[in-house]
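Student: I want to know where the words used for a predicted model come from. Can we take them one at a time, each with its cut-off?

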Amino acid sequence: MIDHIVYETGEEPTWSVIWLHGLGADGHDFAPVARELGFRDSPAVRFLFPHAPVRPITINAGMRMRGWYDIRGMAFDREEDRDGLEESRDHVHRLIVRENARGIPAGRIFLAGFSQGGAVALFTGLRYPERLAGLVALSTYLPAADSTLAERSGANALVPVFMAHGTDDPVIPLALAEHSRGLLGQMGYPVEWHTYTMPHSVHPEEILHIRTFMQDVVLAG
């Protein structure tokens, strides 16, 4: 089981959020988000913030750092590390199965992530064989886009997706995120889309929108 941080909003959680950090960070990077989301008028939620494995990253001269997959060049959607994506997908699968064993079904589990983490959340969630609660993909893009239609799971054909991006992102271009959003829409996914005046980061208003998105799903469930 991959190392991770756990934060619970109350006793005996009945919902879970698996939140994946970006390249070079770790699970601590987004742990404060659990408190900011403020699930006040809903059942208790368990947040899991896993630490990605340490691996050499090609674009950073082979420097070893925490990453969900290798980045081979700036053409993120064309020079992909499929093996790394699948390895990280398997890590997430094991976390989901563990939550299932704790009594939380897949339908009450959100996958969320920032940048690389958001790409893994999309890669994993769209292919997961059981319906998930929702996907949150921040400052990211759709990986393995060419194979998504053939590989996607019918169980998650209508899984709600929250996507957000900075208008001034110098790392992952807004145009790439918009293209990914368009592809998801063409495949029939209900995508809630937001942009914020920010670079490759998280905006306070974005947290409020994520909270509303998640709470709407929780309260509807």
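Tutor: Helices (H or I, at least four residues) and strands (E, at least two) are DSSP runs, numbered from the N terminus. By that rule the chain has six helices and nine strands. This is a predicted model, in which local features need pLDDT of at least 70, side-chain atom pairs count only at pLDDT 80 or more, and totals for chains, interfaces and linings use all residues. Residues are numbered from 1 along each chain as its sequence is written, and side-chain values use heavy atoms, with hydrogens and water left out.

Student: Where is Ser139 found, and why does Ser139 count as buried?

Tutor: Ser139 sits in the loop between S7 and H4. Buried means under 20% relative accessible area, exposed means over 50%, and partly exposed is in between (1.4 Å probe, protein chains only). Ser139 has 0% relative accessibility, so Ser139 counts as buried. Ser139 also has a positive phi of about 50°, although it is not a glycine.

Student: What makes Glu12 exposed?

Tutor: The relative accessibility of Glu12 is 71%, so Glu12 counts as exposed. Glu12 lies in the loop between strand S1 (4–8) and strand S2 (15–20). Like any residue flagged for this feature, Glu12 is not a glycine and yet has a positive phi, of about 50°.

Student: How do you know that Thr140 is buried, and which residues is Thr140 in contact with?

Tutor: Thr140 has a relative accessible area of 1%, which means that Thr140 is buried. Thr140 is placed in the loop between strand S7 (134–138) and helix H4 (145–151). Contact means heavy atoms within 4.5 Å. Leaving aside neighbours within four places in sequence, Thr140 is in contact with Ser115, Gly118, Ala119, Leu122, Met163, His165, Ile172 and Ala177. Take Leu122: the C-alpha atoms of Thr140 and Leu122 are separated by 9.4 Å, and the two residues are 18 residues apart along the chain.

Student: Why does Val202 count as partly exposed?

Tutor: Val202 has a relative accessibility of 31%, so Val202 counts as partly exposed. Val202 belongs to the loop between strand S9 (191–196) and helix H6 (204–220). Apart from neighbours within four places in sequence, Val202 is in contact with Phe30, Phe114 and Ile207. Val202 and Phe30 are 172 residues apart along the chain, and their C-alpha atoms are separated by 10.0 Å.

Student: What makes H3 mostly covered?

Tutor: Twelve of the twelve residues of H3 are buried. Gln116 in helix H3 is one example, and its relative accessible area is 3%, so Gln116 is buried. Not counting residues up to four places away in sequence, Gln116 touches His21, Gly22, Leu23, Gly67, Trp68, Tyr69 and Ile71.

Student: Which residues of H6 are buried, and what do the buried residues of H6 pack against?

Tutor: The buried residues of H6 are Glu206, Ile207, Ile210, Arg211, Phe213, Met214, Gln215, Val217 and Val218. They pack against S2, helix H1 (31–37), strand S6 (109–114), S7, strand S8 (161–166) and S9.

Student: How do you know that the radius of gyration of the chain agrees with a compact globule?

Tutor: The radius of gyration is taken over C-alpha atoms, and the globule rule is 2.2 Å times the number of residues to the power 0.38. For 221 residues a compact globule would have a value near 17 Å, and the chain has 16 Å, so the two agree. The C-alpha atoms fill a box of roughly 45 × 35 × 35 Å, taken along the principal axes.

Student: How many of the 221 residues count as buried, and what share of the contacts joins residues 24 or more positions apart?

Tutor: Of the 221 residues, 54% count as buried. Among contacts with a separation of 6 or more, 72% are between residues 24 or more positions apart.
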